[in-house]
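Have a look at the model first.

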Amino acid sequence: MFDSHCHLTNARFDTDRALALERMAAAGITGCLTIGTGLTDAAAARDLALAYPGMVWASAGLDPFSAFESGDSFPEHLVGLRQLLTNGGFVALGECGIEHHHDVDPAPVQRERFAAQISLAIELDLPLIVHARSGPRGGDAHAVALDIVRAHPGVRGVIHSFDGDTVQARAWLTAGFLVAVNGMITFKGNDALRAAVAQVPADHLLIETDAPYLAPVPQRGKRCEPAFAALTAAFVAELRGERPDDVMAWANRNARALFRLG
Ligand SMILES: [Zn+2]
């Protein structure tokens, strides 16, 4: 089993990061990808991966929040991102994408900054981790993100924290992307998401936590940690009529293939 998306550099792990990784291993999860959002966090993610070889891997991206914070110096941040990624220690570019829930950069700026990072992922031959959150500030973030992805042939990657329906899932699959499922699938009211995930072929799904966020039921509301990916895997197994061991096996295989972990 592999947790394909967590934020282990988050301050909420400062008191028990090593223990959280022990609990992860005890839950049958042999690896995780910790996501660096912004340059400082990305360097910290890389250092954490270096401290836990074969257990923690790192990605780096300018997500909509750190891109917004960079303001007019986004071009310099993009140069910094390229430098980090080419210096090594990262297996993916992201997360980056489109945020319509929180108030960050205006839509055209977000699109441009997302497109620039897709081009960089293609140039560096790295898988892309996409963030697409719909909301009152722009509507369907999946449609916007997909338009930009489709304009960049050759990009490969994953739509992380997928929260869409069957039509949106199919659109990502058609674009050649994998779909990553987290604790949201266990939340009340997410029937459309459950129907979508029931339909995705097993070789195109990943399991993630997005820890410290989005802890699955019955841990909902608590700080999430990578060990909880096992709860989401069990839920997905029940939903799809598969054995939990099989879900954990394909989640591991798919993540290691996408991020080329060997
Ligand atoms: Zn995330």
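**The sheet and what sits around it**

Cys6 has Thr34 of S2 as its bridge partner. Keep in mind that this is a predicted model, where local features need pLDDT of at least 70, side-chain atom pairs count only at pLDDT 80 or more, and totals for chains, interfaces and linings use all residues. Residues are numbered from 1 along each chain as its sequence is written. Helices (H or I, at least four residues) and strands (E, at least two) are DSSP runs, numbered from the N terminus.

**Sheet layout**

- Eight strands form an open sheet in the order S1-S2-S3-S4-S5-S6-S7-S8, with parallel pairing; two strands count as paired if DSSP finds at least two bridges between them.
- S1 and S8 are the edge strands, each pairing on one side only.
- On average, neighbouring strands here are turned by 30° against each other, direction ignored.
- Helix H6 (residues 141–150) packs on this sheet, where it touches strands S4 (92–99) and S5 (128–133). The direction of H6 makes about 145° with that of S5; axes are lines fitted to C-alpha atoms, for helices over the stretch in contact, and angles run from 0 to 180 degrees between N-to-C directions.

- Seven of the seven residues of S2 (residues 31–37) are buried, so the strand is largely enclosed by the rest of the structure. Buried means that 20 or more other C-beta atoms, placed from the backbone, lie within 10 Å of the residue's own.
- Both faces of S2 are covered: Gly31, Leu33, Ile35 and Thr37 are buried on one side, and Cys32, Thr34 and Gly36 on the other.
- S1 (residues 2–6) runs parallel to S2, and three bridges join them. Asp3 has Cys32 as its bridge partner in S2.
- From S1 the chain goes through helix H1 (residues 17–26) to S2, a right-handed β-α-β crossover (with the strands pointing away from the viewer, the path from the first strand over the helix to the second runs clockwise).
- S3 (residues 56–61) is parallel to S2 too, with six bridges joining the pair. Trp57 in S3 stands opposite Leu33.

**Helix H9**

- The buried residues of H9 are Ala229, Ala230, Leu231, Thr232, Ala233, Phe235 and Val236.
- They pack against S1, S7 (178–181), H8 (191–199), S8 (205–207) and H10 (244–258), with contact meaning C-beta atoms, placed from the backbone, within 7 Å.
- After H9 comes Gly241, with a positive phi near 70°.

Terms used: A residue is buried if 20 or more other C-beta atoms lie within 10 Å of its own, exposed if 12 or fewer, and partly exposed in between; C-beta atoms are placed from the backbone. Two residues are in contact if their C-beta atoms, placed from the backbone, lie within 7 Å.
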